[in-house]
Amino acid sequence: MTMNRKKIVAGNWKMNNTFTESMDLVRAIVDKTKGQSGTEKIIFPPHPFLKNIGEVVVNEVDFYTGAQNCSEHDKGAFTGEVSCDMLKSVGCTYVLVGHSERRQYFNETNEQLVRKIQQALNKQMKVVFCFGESLAERKRGSHFETVRNQLQDALGSFPKKNIGDLVLAYEPVWAIGTGETATPQQAQEMHAFIRKTISEIFSTQVAAQISILYGGSCNARNAPELFACADVDGGLIGGASLNAEDFCKIINSFG
Ligand code: PGA
C-alpha cells in the first residue's frame with residue numbers, strides 16, 4: 001500500500017458477545033496495541049456497548065469506535081432505530097453503511113444507503129461504505145460491473161468536499177464468514193478497479209487518497225499478503241476481530 005494513504009484495521013463485532021465479554025475484549029486489544037500509531041484502529045461494537053467501549057479507547061492513539069448501523073432519519077417515531085445524533089453523543093466517530101448483511105437480511109436499498117450516507121455526513125460522522133459482489137456474480141464474471149454499479153449508485157451524489165470522511169470496504173459476499181478469502185491477486189485486481197472507478201466518479205487525486213479496505217474471512221494468517229497488495233489499505237474484520245490476539249496480529253500485518 002502507498003505511504004500517504006491512511007492504513008485502517010476495523011473490527012466488525014456484529015451481534016456477538018455480552019457486555020462483560022465485549023469489555024474484556026476491548027481491554028485486551030488496547031493492552032496489546034498500547035501507544036501504537038500509524039494504523040488507525042476502529043471497533044464496531046453492538047449499539048448498547050458503544051459508550052463504554054468508547055471510554056476505553058478514547059485516549060488511545062489512532063483508536064476510534066463506529067456503529068454497525070444508523071437511521072436515515074433525524075429523530076422521532078421510528079421504534080428500534082438509532083440516530084446519528086445519539087451515536088455521536090456517545091463518542092462514536094464512524095458508521096458502517098451498506099454491509100451485505102444489512103442489504104440481504106434487512107432489505108436495505110441503494111436509495112436508503114444514499115440517505116444514510118447523507119445523514120451521517122450531515123451529522124459530521126465518517127462513513128465506512130461496504131459493497132461487493134455475490135458468488136453468482138463472480139461466477140458469471142459480472143463482478144466488476146456489480147461493484148461499479150454499487151459505487152455509482154451510492155456515491156454518485158456524494159459531495160466531494162466530504163471525501164475525507166469516506167472509507168471504502170470491498171467485501172465479496174462469497175468470502176464473508178465463509179472461511180473463503182479472496183486471493184491477494186483477486187483482491188488487488190478488484191481494488192485497482194475500485195480506485196479507477198473512484199477516479200471516474202470523483203478525480204484521480206481523490207482516488208489516490210481514499211483508503212480501500214478488504215473484508216471477507218481476513219485473518220491473522222492471510223492479512224500480511226492481502227495488506228501487501230498495492231491498493232489494499234487495510235481490512236474490515238468480522239470473525240477474527242473477536243479474538244484479541246488475532247485482531248492485534250492483523251493490525252500489525254502491514255509490511
Ligand atoms: P468475516 O466478516 O471477517 O467474518 O468474513 C467480515 C465482515 O462482514 O465485515
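Analyst: Ala, Val, Leu, Ile, Met, Phe, Trp, Tyr, Cys and Pro count as nonpolar, Asp, Glu, Lys and Arg as charged, and the others, Gly among them, as polar. Keep that in mind as we go through this predicted model.

User: How do the residues lining the second largest pocket divide by class?

Analyst: Sort each lining residue into one of those classes, then read the tally. Here the lining of the second largest pocket has 10 polar residues, 5 nonpolar and 3 charged. The pocket itself holds about 210 Å³ of space. It has 18 lining residues, and the closest to its centre are Gly177, Ser217, Cys218, Gly238 and Gly239.

User: Which pocket does the ligand take up?

Analyst: To say a molecule sits in a pocket, more than half of its atoms must lie within 2 Å of the pocket's grid points. In this model, the ligand's space is the second largest pocket.

User: And how many residues surround the ligand?

Analyst: A residue counts as near if one of its heavy atoms lies within 4 Å. That gives 13 residues around the ligand, with Lys14, His99, Glu171, Gly177 and Ser217 as the closest. By class, this shell has 7 polar, 4 nonpolar and 2 charged residues.

User: What lines the largest pocket?

Analyst: The largest pocket holds about 440 Å³ of space. Of its 19 lining residues, Met15, Gln68, Asn69, Arg102 and Phe106 are the closest to the centre. Helix 4 (residues 100-105) gives the largest share of the lining, 3 residues. The classes come out as 8 nonpolar, 7 polar and 4 charged.

User: How many cavities of 30 Å³ or more are there?

Analyst: In a cavity, a 1.4 Å probe fits but cannot get out, whereas a pocket is open. This structure has 1 cavity of 30 Å³ or more. The largest cavity has a volume of about 40 Å³, and its lining is Val114, Ile117, Gln118, Ala154, Ser157, Phe158 and Pro159. Helix 5 (residues 110-122) supplies the largest share, 3 residues. That lining splits into 5 nonpolar and 2 polar, with no charged residues.

Note on methods: Residues numbered from 1 in each chain as written. Predicted model: local features only at pLDDT ≥ 70, side-chain atom pairs only at ≥ 80, totals over all residues. Heavy atoms only, no water. 1 Å grid on protein atoms, 1.4 Å probe; cavity = no way out; pocket = protein on both sides within 12 Å on 5 of 7 lines; lining within 4 Å. Points joined across faces, edges and corners; volume = space filled by probe spheres on them. Helix = DSSP H or I, 4+ residues; strand = E, 2+ residues; numbered from the N terminus.
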